[in-house]
Amino acid sequence: MKNRRDFLKLSGAAALGAAFPLELLAAGPLTVGFIYVGARDDFGYNQSHAQAAAIIKKMPGVKVIEEEKVPETVAVQKTMEAMIQQDGATLLFPTSFGYFDPHVLKIAEKYPKVRIAHCGGLWTAGKHPMNVGSYFGYIEECEYLSGVVAGYMSKSKKLAFIAAKPIPQVLRNINAFTLGAQSVDPAMTCHVIFTGDWSLPVKEAEAANSLIDQGCDVITCHVDGPKVIVETAEKRGVMTTGYHASQASLAPKGYLTGAEWNWATPYTEIVKATLEGKPMINFLRGGLKDNFVKMSPYGAAVSAPAKKKADEIKAQMLAGKFQIFKGPIKDNKGNTVIPAGITQVQTDVVLEKMNYLVAGVVGQV
């Protein structure tokens with residue numbers, strides 16, 4: 001089979017455009033395409049999606065195709081179009097944040113009968129095509145719990161967060177992690193370095209070493225593949241909390257816990273809706289209580305008091321009785337971003353536009 005990225009160029013299929021007879025594809029199994037920006041075995045973001053795709057493969061009446069290492073450029077448009085034209089895909093999951101605008105939107109307009117569910121994009125009624133959907137998880141709940149554990153375990157009161165880009169989802173995680181730690185000790189600080197892209201292993205290692213040199217003794221991250229950061233911290237005797245998937249095997253001494261995705265939950269719901277001919281799910285979100293996200297098991301180093309407190313808060317989250325972003329909250333420039341008496345619940349869309357770092361975070365957007 002020809003490489004999908006070369007398919008359109010070689011076959012001239014692009015000229016067919018939206019006129020391609022997709023109705024003919026309905027007679028067979030539902031072909032679902034998954035697109036990853038990195039490698040499927042990255043111990044992180046892409047691996048978490050690939051693990052869920054493996055579960056979708058087992059669903060009756062479903063055929064899964066995958067493409068990894070697809071950049072957030074016009075390359076993803078070519079991949080999506082080739083999956084539609086060559087493989088007959090009628091449901092696509094382009095998983096990386098930068099795929100949404102303009103790439104997903106352009107393909108959705110060209111192929112109105114193809115459903116495209118994007119991870120993290122903020123779908124807006126009246127603005128975006130109806131065959132596009134957005135799904136994401138409130139993983140900052142897990143980041144808050146990781147922060148609680150980090151707050152108990154840190155001796156220096158200096159935590160570290162290595163992040164790719166200052167987009168709202170990343171800022172929510174940094175802020176939740178910091179607020180969790182500060183719930184244990186208000187003197188906790190979180191030192192942030194933005195690397196500039198989702199997968200830059202050399203910069204990630206340099207950032208980890210720099211933050212450790214500054215006295216940070218618990219490190220976490222929001223990059224696609226946490227492997228390098230976790231391994232660097234372990235070598236230097238520093239504790240870590242993970243992200244995306246479990247990195248416990250990479251740091252048997254220092255891994256405390258982590259925030260993991262359970263993408264199988266939204267994937268299953270979207271695939272079932274498609275199989276049953278139900279309308280496209282345009283906006284889908286969920287947290288711990290919805291089984292969209294989960295915590296990594298506690299590492300051997302985690303203290304009993306840390307486990308007890310984190311478990312108590314987790315129980316409140318599962319019951320829908322705990323809110324992270326409850327005023328008064330100030331940003332790290334001294335501005336009040338959430339006034340006293342105001343609570344921004346997880347479902348509040350304003351959180352998906354977050355553009356600040358909370359007080360105690362050392363760094364800038």
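Here are some notes on the sheet, a helix pair, the salt bridges and one lone glutamine.

1. Ground rules first. This is a predicted model, in which local features need pLDDT of at least 70 and side-chain atom pairs count only at pLDDT 80 or more, while totals for chains, interfaces and linings use all residues. Residues are numbered from 1 along each chain as its sequence is written, and side-chain values use heavy atoms, with hydrogens and water left out.

2. Let's start with the sheet. It is open and built from 7 strands in the order β12-β10-β9-β8-β6-β7-β17, with mixed pairing. Strands here are DSSP runs of E with at least two residues, helices are runs of H or I with at least four, and both are numbered from the N terminus. Two strands pair if DSSP finds at least two bridges between them. At the edges sit β12 (293-295) and β17 (361-362), each of which pairs on one side only.

3. Now look at β6. This strand (residues 158-163) runs parallel to β8 (residues 218-222), with 5 bridges between the two. β6 also pairs with β7 in the parallel sense, this time over 6 bridges. Why call β6 largely enclosed by the rest of the structure? Because 5 of its 6 residues are buried, where buried means under 20% relative accessible area, exposed means over 50%, and partly exposed is in between (1.4 Å probe, protein chains only).

4. What packs on this sheet? Helix α6 (residues 168-184) does, touching β6, β7 (189-194), β8, β9 (239-244) and β17. Its direction makes about 170° with that of β6; axes are lines fitted to C-alpha atoms, for helices over the stretch in contact, and angles run from 0 to 180 degrees between N-to-C directions. Together, β6, α6 and β7 make a right-handed β-α-β unit. Right-handed means that, with the strands pointing away from the viewer, the path from the first strand over the helix to the second runs clockwise.

5. Helix α4 (residues 100-110) is worth a look too. Its buried residues are F100, H103, V104, L105, I107 and A108. An α-helix has 3.6 residues a turn, so residues three or four places apart point the same way. The buried residues of α4 pack against α3 (74-87), β3 (91-94), β4 (115-119) and β5 (132-137), contact meaning heavy atoms within 4.5 Å.

6. For the α3/α4 pair, the packing angle is about 30° and the axes are 9 Å apart. The crossing is right-handed, that is, the near helix is turned clockwise from the far one by less than a right angle. On the α3 side, V74, V76, Q77, M80, E81 and I84 take part, and they meet H103, V104, K106, I107 and K110 of α4.

7. On to the charges. How many salt bridges does a search of the whole structure find? The count is 14, taking a salt bridge as a side-chain nitrogen of Lys or Arg within 4 Å of a carboxyl oxygen of Asp or Glu. One of them joins R40 and E66 (3.3 Å, N to O). This pair links distant parts of the chain, 26 residues apart: R40 is in the loop between β1 (30-35) and α2 (45-56), and E66 is in strand β2 (residues 62-67). R40 is partly exposed at 33%, whereas E66 is buried at 16%.

8. D213 and R236 make another salt bridge, at 2.8 Å, N to O. D213 lies in helix α7 (residues 201-213) and R236 in the loop between α8 (227-235) and β9, so the pair ties together parts that are 23 residues apart in sequence. D213 counts as exposed at 57% and R236 as partly exposed at 38%.

9. K289 and D290 also form a salt bridge, with the closest N and O atoms 3.6 Å apart. K289 is exposed at 53%, and D290 is partly exposed at 31%. Elsewhere, shared partners join R40, K57, E66 and E68 into one salt-bridge network.

10. Last, Q316, which is found in helix α10 (residues 304-318). This glutamine is partly exposed, at 36%. Leaving aside its neighbours within four places in sequence, Q316 is in contact with K321 and F322. From K57 it is 259 residues away in sequence and 34 Å away in space, C-alpha to C-alpha.
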